[in-house]
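This report describes the structure shown below.

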Amino acid sequence: MFAKDTASSLSSGAVLFVFYLILYSTGFVRIELKFDDHDRRLDIVEEVVALMKHKIARENLNSNEDFRKHANFLHQRFPRSASQMASSSNETANVRGLLENIVTLSMKICQRKGKHGNFCPAGPPGPRGGTGPKGEKGNRGRVGKRGVQGMMGPPGRGGKQGPPGIRGEKGIKGEIGTPGIPGIKGEPGESISTPKVAISSSQITVKEFDTVSLTCTASGNPKPHLSWSKTTGSLPRNRMKTTADGVMQIHGVLAEDSGTYKCVGSNVLGNDEKITQVVVQTSPKISLRAGPSYVAVGKTIKLPKCTVASFPAADIVWKKISIPDSHPRMRDIRNGQLSIINTHKKDSGFYQCKATNTIGVAVAITHLIVVDDPVITTRPPPQLSVNTGRNVSLRCEARGEPTPKVSWLRENSILPLGRSHVSINGTLNLWKVNSQDSGKYICVASSAGVSTTSTSVQLTVLTAQACTPVGVADINKISDARMSSSSHYISYYAYYGRLNGSRGGGGWCAETKTNRADYLQIDMGEVYSVCAVATQGKLTGSYVKSYKLQLSIDGIQWMVYKESNKDKIFGRNTDKNTIVQHVVRSPARARFIRLYPVTYSNYPCMRVEIFVRTE
């Protein structure tokens, strides 16, 4: 029921709104006359509207929302009509009052006709409120349609001129014109002749690096053409300049510019030629090997040849730089070569070759070294016997100036291939020797290839044999006469020094404790390959702790037994009876053996046995 009343009220208000709008349109003049009356009524309407708004807010919020929309509708419609009227009458100041009057009348009618006076339209808007907060940025609008193409602009400035076009084809040749009028007969010409060439000089001498000018003239009719050439070689084009009248200049003359030059004049009738000789004077230029050159002391040497190129020929003089004048053993030889006879060590040094002529001087130096014979400081043993399959090292070292180079040769053969090597210190290493490796090996020390010294070793490779006693312990094999010593203490003779012997106190003893030259010697009767030595002390207590060996084939020349090129000291005896046997690792062939005591207990006494390999 309430909704029906509300709809009836709204319908009545709408009809009245239309009516008053029409009335307003037709009675504008009348409204103007009653402006004062409308002001009064407007005040009354404002009071009533304020009371109605308060009541409407309490009773029905929903109804209030509907009437507010209706009032806003009226407010939006009437200002649009008033604006149009104000525009027509140019009285914009009366628009606001007119709107207020219309709203007041509408509300009074609503109060009289409606059942609920609080449903009348809202009054005029109040004063403008403050600016609200800035809203959120809206969505980006759609891209508008493309605008209409604008008018064509004025023409631009002219561009640069383009490249020329392709040349057109050649036109057709025109027709031959009519012959001209014959000319006047000329005067008689000169008589024709073959060329005749002349050169300013048949020989020209010029200094190196100067400029030479060669002049050539020719007569003849027609006028001859002149040209230059070199009979031996080619012209220096990069340093040469010629003119049409026959002058040729060569700048910066060099030695190779010397020679014969030819000038040729030619025309249609023939040619003629003349030659001239150019001689270039040059300062000396020396070619000399700097060296060093080596010569052995006492020998004669020819120093490297001092070759000189110059014109005129240069005088050549040799001298030793450290000596003002030539010494009497210097001899000049033809073609700039110097020899020195019976050279001495002091002849080593620098020698100067000096060449002089009228143009200049040149000097060159060569080095001479006089070499002493190298000296071998470490030699291998004269003889060496080894068993098959053993490795052998043979040391050989030398000194000298310059440092000698050590090399090894094998007499009447070559070193074992793949099983031999000479180290940088001159040691010859042989691996896994066999019977074919037996022979004489020669160590050669060479100084600069001009002075040599050598030494040799006889190597014997033995087949594997048993190492057995030679028989020192058996008087029937080694008699007393074949055992001797440098000295003996009281009655401890050499022949008592047999292994396990008990005669004469059971051992040989040296005369003193301090003489390191005392030895016990055994003559084995023939040459054997020694492979071991056994020793023990004297039966009554004293014994040798350590000793050295010397070996000899003839009993005159003796060799100290070495291992690794050092004197081998055998030892390890600690009492009077224990036998201590030592292997001779580098077997040597010998007939005589000497044992030299080194250290001992109480007194140098010993008993011995020698072990050999028999062939």
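## Aromatic pairs and clusters

Rings of Phe, Tyr and Trp are taken to pair if their centres lie within 6.5 Å. In this predicted model, Tyr489, Tyr492 and Tyr603 form one aromatic cluster. The count of aromatic pairs by this rule comes to nine. One of them joins tyrosine 493 and tyrosine 495, whose ring centres are 5.5 Å apart; the pair is stacked because the planes meet at 25°, and planes under 30 degrees apart count as stacked. Tyrosine 493 has 29% relative accessibility and therefore counts as partly exposed. Tyrosine 495, at 26%, likewise counts as partly exposed.

Tyrosine 519 and tyrosine 596 make a tilted pair, with 5.4 Å from centre to centre and 45° between the planes. This pair links distant parts of the chain, since its members are 77 residues apart. Tyrosine 519 belongs to the loop between strand S28 (508–509) and S29, whereas tyrosine 596 belongs to strand S34. Both tyrosine 519 and tyrosine 596 are buried.

In soluble globular proteins, nonpolar side chains tend to be buried together. The largest nonpolar core of this model has 28 residues, and the members that touch the most others are Ile522, Met524, Leu595 and Ile610. At least two residues of this core come from each of strand S29 (520–536), strand S30 (543–552), strand S34 (580–601) and strand S35 (605–613). S29 supplies the largest share, six residues.

Isoleucine 522 illustrates the contacts made by a member of this core. Residues up to four places away in sequence being left out, isoleucine 522 touches Val472, Ile478, Arg482, Met483, Arg591, Phe592, Ile593, Leu595 and Val608.

Threonine 282 is part of strand S8, which covers residues 270–287. Its relative accessibility is 6%, so threonine 282 counts as buried; the cut-off for buried is under 20%.

Which residues are in contact with threonine 282, leaving aside its neighbours within four places in sequence? They are Glu208, Ala255, Ser310, Phe311, Asn357 and Ile359. Proline 312, 30 residues from threonine 282 in sequence, is 7.3 Å from threonine 282 in space, C-alpha to C-alpha.

## The chain as a whole

The protein chain has 615 residues, of which 37% count as buried. Its secondary structure comes to five helices and 35 strands. Among contacts between residues at least 6 apart in sequence, 68% join residues at least 24 apart. The accessible surface of the protein chain is about 37,900 Å², and 52% of this surface belongs to carbon and sulfur atoms.

Methods:
Residues numbered from 1 in each chain as written. Predicted model: local features only at pLDDT ≥ 70, side-chain atom pairs only at ≥ 80, totals over all residues. Heavy atoms only, no water. Core = buried A, V, L, I, M, F, W, Y, C linked by side-chain atoms within 4.5 Å. Buried < 20%, exposed > 50% of the residue type's maximum accessible area, 1.4 Å probe, protein only. Helix = DSSP H or I, 4+ residues; strand = E, 2+ residues; numbered from the N terminus. Contact = heavy atoms within 4.5 Å. Phe/Tyr/Trp six-rings, centres within 6.5 Å; stacked < 30°, edge-to-face > 60°. Areas by Shrake-Rupley, 256 points an atom, 1.4 Å probe, with all protein chains shown as cover.
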